[in-house]
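Biologist: Please walk me through this model. I want to learn how to read its features.

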Amino acid sequence: MKNFLTAIISVLLLSSSQQQCNKTTAQPTNTACRTNATFRYNMCGVGLWGGAMVLELENGEIVQPWYTDDANIRNFTPQKDMKVRVTLTEVPLDDRYAHVITCMAVGEYQERIKRYVRVDCLQVVN
């Protein structure tokens, strides 16, 4: 009986620690985040997270997150000037946001966007 209770408690503790980990990261387990980046507010646009957020990479390049295949990343809420580590894949523009109505203002970073990317890995840097 003692071994059974120990096993149950171990499973509960492991499950609890795994849930805590998932709350602090949007990183898929199969990919390592490789590039430092900072979220920048771009006023309006289309893309992942409503398009108002772009990423400034550590080399100064501005990229527009276009989509992700990961639900944790899709449900993530970025904040202006938030530091993250990411893994990105360049993607061609498609018509997935053709039906979205957006403002006509040109954000501060709009003209600097060089690539549109799929976000494969995202981890907040503390």
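Biologist: Which residue in strand 5 stands opposite Thr 87?

Modeller: Cys 121 stands opposite Thr 87. The model is predicted: local features need pLDDT of at least 70, side-chain atom pairs 80 or more, while totals for chains, interfaces and linings use all residues. Residues are numbered from 1 along each chain as its sequence is written, and side-chain values use heavy atoms, without hydrogens and water.

Biologist: How many bridges join strand 4 to strand 5?

Modeller: Strands pair if DSSP finds at least two bridges between them. Strands are DSSP runs of E, at least two residues, and helices are runs of H or I, at least four, numbered from the N terminus. Here, seven bridges join strand 4 (residues 83–90) to strand 5 (residues 113–124), and the two run antiparallel. Five strands close into a barrel, ordered 1-2-3-5-4, with mixed pairing.

Biologist: Which cysteines form a disulfide?

Modeller: A disulfide is a covalent bond between the sulfur atoms of two cysteines. The cut-off is a sulfur pair within 2.5 Å. Cys 33 and Cys 121 form one, with sulfur atoms 1.9 Å apart. Cys 33 sits in the loop between helix 1 (2–24) and strand 1 (35–41), Cys 121 in strand 5, 88 residues apart. The S-S torsion is about -85 degrees, so this disulfide is left-handed.

Biologist: Is Cys 121 buried or exposed?

Modeller: Buried means under 20% relative accessible area, exposed over 50%, partly exposed in between (1.4 Å probe, protein chains only). Cys 121 has 0%, so Cys 121 is buried. Cys 33, at 9%, also counts as buried.
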